[in-house]
2 protein chains.
Amino acid sequence: MQLTRYTDYALRTLLQAALMPEGERLSVAQITATYDISRSHVMKIVQRLGQLGYLRNVRGKGGGIELGKAPEEINISAVVIDMESNLQIVECNSPYCRLQPACKLKQVLTEAINAFITVLESYTLADLVENKDELLQLLTLDEIAA
Amino acid sequence: MQLTRYTDYALRTLLQAALMPEGERLSVAQITATYDISRSHVMKIVQRLGQLGYLRNVRGKGGGIELGKAPEEINISAVVIDMESNLQIVECNSPYCRLQPACKLKQVLTEAINAFITVLESYTLADLVENKDELLQLLTLDEIAA
């Protein structure tokens, strides 16, 4: 059981955007370099995060990607719900399961996934970068090593 | 985010085994017919559930598949943990994520998955078949319609 890579890297992209020093903006190339993923994958993620208002693309000199909202306003559960195409923990309709009308397994799994989401609801992007200096050092160390 | 089909159908197979009337045993054909999945998939699941002691295969006349433990002794979280090859909600090592040593995202997602598991820990297979008559009727109605 995993988040899709799409959601996973959306969260990491937001994390990296939140780590940018004041006034600096992020490039797609920096994201691909940090996480070693393809440019096309990053482009799709950045575009979707932009549509959802989590990121903003600033054009022109000094332009680039920046957060579309304050980190405190970006709730982790909202990002997961927005990015995951499917939060149905099991697939009861394809093929249709004949036990569905009375199935308690589905109820139990739904209760479990709700508990998962409830934990995520209690965190924002700001919580993920409260150790900003430490995270920035990890980014920079790697750049020196590269 | 979904359970693997392997885990999903393992749970459904246990459910069906728990619904068998006293003294009757389940066949692989009955499982494939109920859930409309391939025989090879069911065989793999049944074999693994057997290795784990959740199912027992009784040979000879009147033989077939039966539960290896009482439904009350089969905890849902244990089945999910045993069957899911990967409960790491995100993949931090492939490719290796440079933020990992200080990453709070991983911590938050681990806390969330633990909440998911904690809910499942509070249920056994017996809880899933407490409405046994209703579930049996759904199985039987469908057999008549087939």
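Q: What is the mean pLDDT of chain A in this predicted model, and what share of residues reaches 70 or more?
A: In this predicted model chain A has a mean pLDDT of 91. A pLDDT of 70 or more is reached by 96% of its residues.

Q: Which elements of chain A have the lowest and the highest mean pLDDT?
A: The lowest mean, 76, belongs to helix α7 (residues 132-145) of chain A. Helix α6 (residues 125-128) of chain A has the highest, 97.

Q: What makes up the contact between α1(A) and α4(A)?
A: From α1(A) come A:Tyr6, A:Thr7, A:Ala10, A:Leu11 and A:Leu14, which meet A:Val79, A:Val80 and A:Met83 of α4(A). By class, this contact of α1(A) with α4(A) has 7 nonpolar residues, 1 polar and no charged ones.

Q: How many residues of chain A are in contact with chain B, and which element of chain A gives the most?
A: Contact joins 43 residues of chain A and 43 residues of chain B. Elements giving two or more residues to chain A's side are α1, α2 (28-35), α5 (104-121), α6 and α7 of chain A. The most come from α5(A), with 11 residues. By class, the side of chain A that touches chain B has 27 nonpolar, 6 polar and 10 charged residues.

Q: What ipTM and pTM does the predictor give the complex?
A: The ipTM is 0.90 and the pTM is 0.89.

Methods. Residues numbered from 1 in each chain as written. Chains lettered and ligands numbered in written order. Predicted model: local features only at pLDDT ≥ 70, side-chain atom pairs only at ≥ 80, totals over all residues. pLDDT = per-residue confidence, 0-100. Helix = DSSP H or I, 4+ residues; strand = E, 2+ residues; numbered from the N terminus. Contact = placed C-beta atoms within 7 Å. Nonpolar A, V, L, I, M, F, W, Y, C, P; charged D, E, K, R; others polar.
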